[in-house]
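Here is a short briefing on one protein structure. Look over the sequence and the model before reading the points below.

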Amino acid sequence: MAAASSVDTRNFTLVGHGGSGKTTLAEAILFASKAINRQGSIGDKNTVSDFADDECERGHSIDSAVLRANWKGKNLNILDAPGYQDFNGQARRTFDGVDCAVVVINAYDGVGLNTHKMFNGAREHNLPCIVVVNRCDSDNINIPALDASIQALFGQAAKAVTLPETWGPGCSAVKSIFNGDGDLEGFVEAAVEADDDLMEKYLDAGEVSDDDLKKAIPLALQAGTLIPIFHTVATTGVGVTDLLDFIADFGPAPEGRVIHDMDGNEIVCGADKPFLAVCFKITFDRQAVRVTFLRVLCGSLRPADMAKVDRTDETVKIGHIHRFQGNSKSETEQATAGDIIALPKVDGIEVGDTLHDPAHPVKVKFARGSNPMVGLSLKPKARGDDAKIGKELGRIVGADPALVYERTSDTNELVVRGLSTLHLDIALKRLAVAGVEVDTAPPKVAYLETITAKAEGHHRHKKQTGGAGQFGEVYLRVEPIARGADDPLEFENKTVGGSIPRQFVPAIEKGIRQMMMEGVLSGNRVVDVKVSVYDGKFHDVDSKEIAFIVAGRKAFAQAIEKARPVLLEPVVTVEIEIPSNFMGDITSDLNSRRARIQGMDSVGDRQLIKAEAPLSEMQTYSTQLRSITGGEGSFSMDFSHYDIVPGQVAQQIVARHKASKKDDSD
């Protein structure tokens, strides 16, 4: 199959809040364009987009799907993105593969939380936006509230192109401003705003020619002065052809698109440029074959070509090149600028990587992805799965840019993190399908121990076993140093007169560092301590390294217990976005989590709260926020600093540690 011209290609993603009907709209587009012979439905579990078993079971998209159609001679590449914020990592990555975002809204529900997030994400990627108000046949649509919510988010640039002839169950057709229905004047004013010369011409003459308007619309879309609104009933196809006509006639083409490299330099995309592509998606098929999806930005690609990965500077050889229609694939002999393709069995490429012609290195600048905030500690149920879990987790995480996993150094746990409990639940079920069952628990919080005063410690280690014994005696002093020092221990040997021979001093430091790693109070690392060894004793025969290791450990532990020790806990900065009517409930809940609110701001009818809170109190916040707001709240969380744990809370942590040690010894 030959590659389509980038001038005649249109790439767009369907994004929006869950339940807006994106997948149904995708089906309607495929059916209207005769890409499929029968329009599937979510209820019948036979849509082209939602082909995975867990998507069919749940009745909504989890991964993005790649679709193809043709309309009015234009090659359409369509990405159907998941709508629930639990899977925003997949949705946001579709922006890397397209030139336009189609933001879908449920006419009954209006603008939802993820509508905001997807629109803002599209603008971060400098993508033109088109709005589709779907499900116009719903009962009891509050039209004034719907219009108000659209205007609040999209502003004066939002202009209706089509409107239902009737709202509600009787909706069977739409009327268009291009056919004399609606506010054509307002549409024209928004279209000419991006072109100063045309705006001046319009103000002087009071009108613009059809040819000028056709040239102005793509410019206005790219500049954001025009956000056209279409109304549809995707289940019956109402309004879908008007949307497709507009995209074919005025939608942005890949040819001439301007992107930027990491230094901010402009790159004008085109088929005549050196090869450049970005990886926006990775999947594994039923045979566990790795499939890498690319958006070709510049140049062309053929089987047997070589391309270099910017992140690793490694060269990969291109084998087969596939195009996908949901879960079906076909092979092509060439891909060119604007194409969305898939490479099977190619390793060394990750989501977000740039591939380029080996002779023309470049790294493209893309917006930051979603930050995984909710974690679970995993432990395989079967001993034999210890090795297998890493391999299977690698596949699952590799296919989802918003999932990460790590073996934590402080707690030695295998922790997987995602955007929500539902997001992690899907990942665990996919792990189980791969044959790995796990036990889960909240991750342990990596507390730290430190001191707030000076103190001294002393220990004599003496052990006689019949032959050569062990002897070492250490006197030391501890004091706090600046919080967050590069080396948690500042060690100083202040002995004089050979009270401890120099060859044993490193053993004392070794014992102290061992004790710092194990913790004195709670089993957590000791940090930010200065230790001065100022006296001791040795024996000519019995003194050896192990004796001074033990003496150093125990003298240090004794000193720490007398130096007014405290626990430090990780504190995170939290940004929470909620509808205004939940403000009281959310702030009350934050107060119960020992959070300190740093500021509040209003964004339309939504509130943005900034706070600092202990990580231990935020482990289950995703579930609580969803419960309070009915899924209409979102939050982001980043590590900020360590702070002293309140005394009563610290006592509970220490008591739990002592109890667990007692259980282990029993």
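Strand β22 (residues 374-380) and β24 run antiparallel and are joined by five bridges. Strands here are DSSP runs of E with at least two residues, helices are runs of H or I with at least four residues, and both are numbered from the N terminus. Two strands count as paired if DSSP finds at least two bridges between them. This is a predicted model, in which local features need pLDDT of at least 70 and side-chain atom pairs count only at pLDDT 80 or more, while totals for chains, interfaces and linings use all residues. Residues are numbered from 1 along each chain as its sequence is written, and side-chain values use heavy atoms, with hydrogens and water left out.

**Around strand β24**

- V415 in β24 is the bridge partner of S377.
- Strand β23 (residues 404-407) also pairs with β24, in the antiparallel sense, over four bridges.
- In β24, V416 stands opposite Y405.
- The hairpin of β23 and β24 has six residues between the strands, and N412 there takes a positive phi near 55°.
- Four of the five residues of β24 (residues 414-418) are buried, so this strand is largely enclosed by the rest of the structure.
- Buried means under 20% relative accessible area, exposed means over 50%, and partly exposed lies in between (1.4 Å probe, protein chains only).

**A seven-stranded sheet**

- Strands of a sheet pair through backbone hydrogen bonds, either parallel or antiparallel.
- An open sheet with mixed pairing is formed by seven strands, in the order β2-β3-β1-β4-β5-β9-β6.
- β2 (65-71) and β6 (158-160) stand at the edges with a single partner strand each, so one side of each has no neighbour in the sheet.
- From one strand to the next, the twist averages 30°, with axes fitted as lines to C-alpha atoms and angles running from 0 to 180 degrees between N-to-C directions.
- Six bridges join β4 (residues 100-106) and β5 (residues 129-134), which pair in the parallel sense.
- C129 in β5 stands opposite A101.

**The whole protein**

- The protein contains 16 helices and 34 strands.
- Its C-alpha atoms fill a box of roughly 105 × 60 × 50 Å along the principal axes.
- Of the 666 residues in the protein, 53% are buried.
- Among contacts (heavy atoms within 4.5 Å) between residues at least 6 apart in sequence, 73% join residues at least 24 apart.
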